[in-house]
Amino acid sequence: MAAGRRSEREKTNTAGVVSQVALCRHWVNTIREQLAAISSRPSKLLVYINPYGGKRQAKRVYRQKVAPLFALAGISTHVIVTEYANHARDHLREDAELNKYDGVVCVGGDGMFSEMVHGLVWRTQKDGGVDVDRPEQTLIACSLRIGIIPAGSTDCICFATVGTNDPVTSALHIIVGDSQPMDVCSVHHDDTFLRYSVSLLGYGFYGDVLTDSERKRWMGPARYDLAGLKMFLTHHHYEGTVSYLPAAGIAGAPRDTARCRSGCLVCQDNGKVSSETDGMCQTEHNEDDSENGRGWRTIRGKFLAINAASMSCACPRSPKGLSPAAHLADGTADLILVRKCSRFSFLRHLLRHTSKDDQFDLSFVEVHRVRRFRFTPRHCRSDSELELDLLDGKRQIFGQICRDHPACGCAPAFSSWNCDGEILPHTAIDVRVHCQLIQLFARGIEEAAIFDEPPPTCSV
């Protein structure tokens, strides 16, 4: 009898396993049918992997977490492992046969994403006959979407567009064919194109931190903390003139409590306004226009930091980011001016990036939502080669002393611009926001409340 009961249990277990396998197959087939019905899904992707970025885990992340999902979803890929800096940019510019693909994907950090943007935007303008050296040119939007599989140090772009730096989440957004428009800023010096920016342009504090950290690359990510502490203690300020074109007639303001989220109405509405008023960005600078509220405005002074945020710039260390209410695709940037103040006051401002307090609610901080801005240092580098030679000579003699003992009063006349983690070669720049120039495989950050709602109950 015992043997008979064992035999019955084995049959029951076998039937249960068969039932579970059939259920799994049913789910797989149903998911595939649903995916096949989505017309925006990619079928072939060009993938770039940066094996050197962040913690050097990009190849493992792609092989173990992403490639199997792409295979299950029936997406074919052509994978290129980059071998040197700007490899992906150069390949997209010249060699990539983009008409074969439905999108391009980068596996790496924010630097790798910047490479992709530079390559894809440059290629699009070249094919469209656009002269990128002319700041007044309206750029052509890129038709291919960009996917980001996060494997970097900060993954700021992923946090701002998805809300997390989880590779599987990003892979699923690519698989289902989500689309999120995104603004891009072009940066020029005179009539020469310098770079594109998608997150942060920083002069003063953030420029100095990047410049100093580049000398300590051997330290790894810890170099940013050390450079930040050093630049805070040196407390340099810089004189210059900021001119900006306000984003008039739009919804939203830099100090709003509402945030840019999936299906953002501000981005949808302002995107239409940006396309209609794009000609305003092409007008020449005229200070007299400031009285009508729609023309250029000018601010002169001494600044500890000048920042332009095209997105919130949120990351694990700064959950709200430098400009919490900045939008991804509204055709504007938030211009943040931090005037000269005491170290204690500046520390209050920096600490508010890590808390829920309003970092703009300080007397020495002002923020403006702009479509375009220009900055000119008080003593422009290009004004006199003689001044440069004399300055370089002084630095060679006293440079080490001044770096080690900032109290000597020999403060530098210039900072550097930090453009998405790259140092710009010029300090006098002209920045213009191009509304929704690129598209990402993303859908924006989704509110937590969406997932907290109880599931509907079944009525039998």
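**View A. Salt bridge of D212 and R215 in the predicted model.** D212 is buried, at 2% relative accessible area, and R215 is exposed, at 53% (buried is under 20% relative accessible area, exposed over 50%, partly exposed in between; 1.4 Å probe, protein chains only). The closest N and O atoms of the pair are 3.1 Å apart. A salt bridge here is a side-chain nitrogen of Lys or Arg within 4 Å of a carboxyl oxygen of Asp or Glu; the count by this rule is 18.

**View B. Salt bridge of E239 and R378.** The closest N and O atoms are 3.0 Å apart. E239 belongs to strand 8 (residues 238-246), and R378 to the loop between strand 11 (365-377) and helix 11 (385-404), 139 residues apart. Helices (H or I, at least four residues) and strands (E, at least two) are DSSP runs, numbered from the N terminus. E239 is partly exposed at 29% relative accessibility, while R378 is exposed at 52%.

**View C. Salt bridge of R339 and E366.** Their closest N and O atoms are 3.1 Å apart. R339 is in strand 10 (residues 333-339) and E366 in strand 11, so the pair ties together parts 27 residues apart in sequence. R339, at 26% relative accessible area, is partly exposed, as is E366 at 21%.

**View D. Network of salt bridges linking E136, R372, R374 and D430.**

**Notes.** Residues are numbered from 1 along each chain as its sequence is written. In this predicted model, local features need pLDDT of at least 70 and side-chain atom pairs count only at pLDDT 80 or more, whereas totals for chains, interfaces and linings use all residues; side-chain values use heavy atoms, without hydrogens and water.
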